[in-house]
Amino acid sequence: MATDAPLPSNAELAALLRKIGGYLALHGEEGYRVLAYERAADVLQDYPASAATLALQGELRSLPGIGAAMEAKVLEYLHTGLIHLLVDLEARYPAGLLELLQLPGLGTATVRRLWETLGVCDAAGLREACLAGSVESLKGMGRRTQERILEALARGPAAGTGRHLLGAVEPTALRLLERLAGCDSVVQATCAGSLRRRCSTVKDIDLVAGSSEPPAVLRRFATTADLSRVIQVGSTKLVAETQNGISVDLRVVSPEAYGNLLQHATGSAAHNVALRRHAQHRGLKLSENGVEAVGRARSLPFAEEEGVYRHLGLDLIPPELREDQGEIEAAAEGELPRLIEPGDLRGDLHVHTSWSDGREGIREMALAARSRGLEYICITDHSRSLAMARGLDPARLEQQREEIRDCNLELTDITILAGCEVDILADGALDLPDHTLAGLDFVIASIHSAFSQPLERIMSRLRAAAENPHVDAIAHPSGRLLVSCVISSLTVGQEDAIVGYGRDDPCPGCCR
DNA sequence: GCCGTTTTCGGCCCGACTGTTTTCAGTCG
């Protein structure tokens, strides 16, 4: 790799390791070796700073799941631009096989068998083989499997596998929860999974319920009009898809084991793995059905989630902390932190209104804040250079301050502060003059353009803004994108930054 | 391939569901 080339992103490194893992799985490698690549990819993907920089500093092995082999492959890529193991694997297996692994219901064993016996090496070949009836002729496959593969091919690999903003999914989830709670014999029901952990993005909607008649609840729930199709129904579990294409997993157990199920379904996967290891060390086996002493046939169910954690010698861990980031050790020591709750919030210092790209006016935002118990808000609309958001120049900013003064006179039980989210321009200057900023109660500075500048240049812009005496805060400093979609040739991202969003191409609302 | 309440090798979370076969392999979360 050329020395002046930009360092690969964490996502790029993670994709390389994931590719190796996929090929090794097809190669029939031992499962734990494959798992190690997937775990390492997850770790690099989630690392908040540059993993490449960390590797060059010789510190990559300080990350969990990264050992000598992973570090060597990352360094090999950084120094040479390729990984020999991956090159060898790519020469041996068609790239299309990895795409086939993305299809729901197709795992490594099946894909490898289709390739070895039928020569299927991509989606087109698989469709052809299915239509010719070749797949169902294989031992152990059958007609139903062949139909299922054709359905998966028709839907494509992306269907139901993307992530969505929490706020975009929650209304649908709450509506489904209402339907579930309304089913006869349901005594408890709630959302689980990443929704309950309040993750920024969620992959699907996980629901759990306690009932003396799980099969009847599942049958009833399967008829909910909000579901476009039911993929799978067993005696305790249902998998379906909503009208807007989001996967739904529902598990129903007896109320006596509701706590175990809720714990299991809330996750995360990493937390559950760590919790089960913790249980093992205490001579216990943990599952969604209960906790049992190793060697005993009977498991102990818990109606409440707290009982599960207490039985394992732990304080109840808030769902938001269940990511295997040290929360189990903290719970064992009684040292879990107290989380900030909505009731702790006294004000909101970053509020947009219809003066720029918000949807509501100043008064409406103040009333909404007051209804949530806030004591103050600060109106911080965009500045003039963000033309697509109708950013404010000094004259409009002054007009806005007059409206804020009027609102403060009318609404006596909440304080409305006058502020601005001023752009940090490409040359590091701020988008509004100092004397304008000096008259505001609170000034946020942020970058909305020229993201492609070198890291040092962007850092110098942020540093210059932070050193301005009128700037009180820097917004979205990482410029991360939580979800993105493509509109024509443009990529639109949401939540922390908008990249490549053309002036004349209004976002249709798909990301909101 | 990683890693340590088992610490340089042996173990690595656990169960539901499907399709096919009739006891289990494969997939998924």
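Which backbone nitrogen does the side chain of S211 reach at 2.9 Å? In this predicted model, that backbone nitrogen belongs to E213. This briefing starts with the whole chain, moves on to the DNA, and then visits a few helices and residues.

**The chain as a whole**

- Chain A is built with 20 helices and 16 strands.
- The C-alpha trace of chain A spans about 80 × 60 × 50 Å along its principal axes.
- Of the 512 residues in chain A, 42% are buried.

**Meeting the DNA**

- DNA strand B is surrounded by 46 residues, and the closest are G105, T110, M141, G142 and R276.
- Of the atoms of DNA strand B that come within 4 Å of the protein, 84% belong to sugar and phosphate.
- By class, the surface near DNA strand B divides into 16 nonpolar, 17 polar and 13 charged residues.
- Several helices and strands each supply at least two residues of this surface, including helix 2 (31-46), helix 7 (108-118), helix 9 (142-155) and strand 5 (227-233).
- Helix 14 gives the largest share of the surface near DNA strand B, with 5 residues.
- The side chain of Y37 has an N or O atom 3.5 Å from a phosphate oxygen of DNA strand B.
- V233 takes part through its backbone, where an N or O atom lies 3.2 Å from a phosphate oxygen of DNA strand B.

- E38 is part of helix 2, and its relative accessible area of 36% makes it partly exposed.
- Between E38 and E76, which are 38 residues apart along the chain, the C-alpha atoms are separated by 18 Å.
- I231 sits in strand 5 and is partly exposed, at 44% relative accessibility.
- Setting aside residues up to four places away in sequence, I231 touches V239 and A240.
- V248 is 17 residues from I231 in sequence, and their C-alpha atoms are 9.6 Å apart.

**Helix 12 and its surroundings**

- Helix 12 covers residues 214-221, and P214, V217, L218 and F221 are buried in it.
- Why do the buried residues of helix 12 line one face of the helix? Seen down the axis, they fall within an arc of 100 degrees, so they line one face.
- The buried residues of helix 12 pack against helix 10 (166-181) and several strands, among them strand 2 (186-191), strand 4 (204-211) and strand 6 (237-242).

**Back to S211**

- S211 belongs to strand 4.
- Is S211 buried or exposed? S211 is buried, because its relative accessible area is 0% and buried means under 20%.
- Leaving out neighbours within four places in sequence, S211 is in contact with S185, V186, V217, V252, V253, S254 and P255.

- Helix 20 runs over residues 455-467, a total of 13 residues.
- From first C-alpha to last, helix 20 reaches 18 Å, close to the 18 Å expected at 1.5 Å a residue.
- Its buried residues are I458, R461, L462 and A465.
- These four cover an arc of only 95 degrees around the axis, which puts them on the same side of helix 20.
- On the face of helix 20 turned away from the buried side, you will find the exposed residues E456 and E467.
- The cover over the buried residues of helix 20 includes strand 13 (442-446) and strand 14 (473-474).
- H448 lies in the loop between strand 13 and helix 20.
- With a relative accessible area of 14%, H448 is buried.
- Which side chains make a polar contact with the side chain of H448? One belongs to E421, at 3.3 Å, and another belongs to H476, also at 3.3 Å.

Note on methods. Residues numbered from 1 in each chain as written. Chains lettered and ligands numbered in written order. Predicted model: local features only at pLDDT ≥ 70, side-chain atom pairs only at ≥ 80, totals over all residues. Heavy atoms only, no water. Expected span 1.5 Å × (residues − 1). Buried < 20%, exposed > 50% of the residue type's maximum accessible area, 1.4 Å probe, protein only. Arc of directions from axis to C-beta. Contact = heavy atoms within 4.5 Å. Near = heavy atom within 4 Å. Polar contact = N/O pair within 3.5 Å; in protein donor to acceptor, adjacent residues only side chain to side chain. Nonpolar A, V, L, I, M, F, W, Y, C, P; charged D, E, K, R; others polar.
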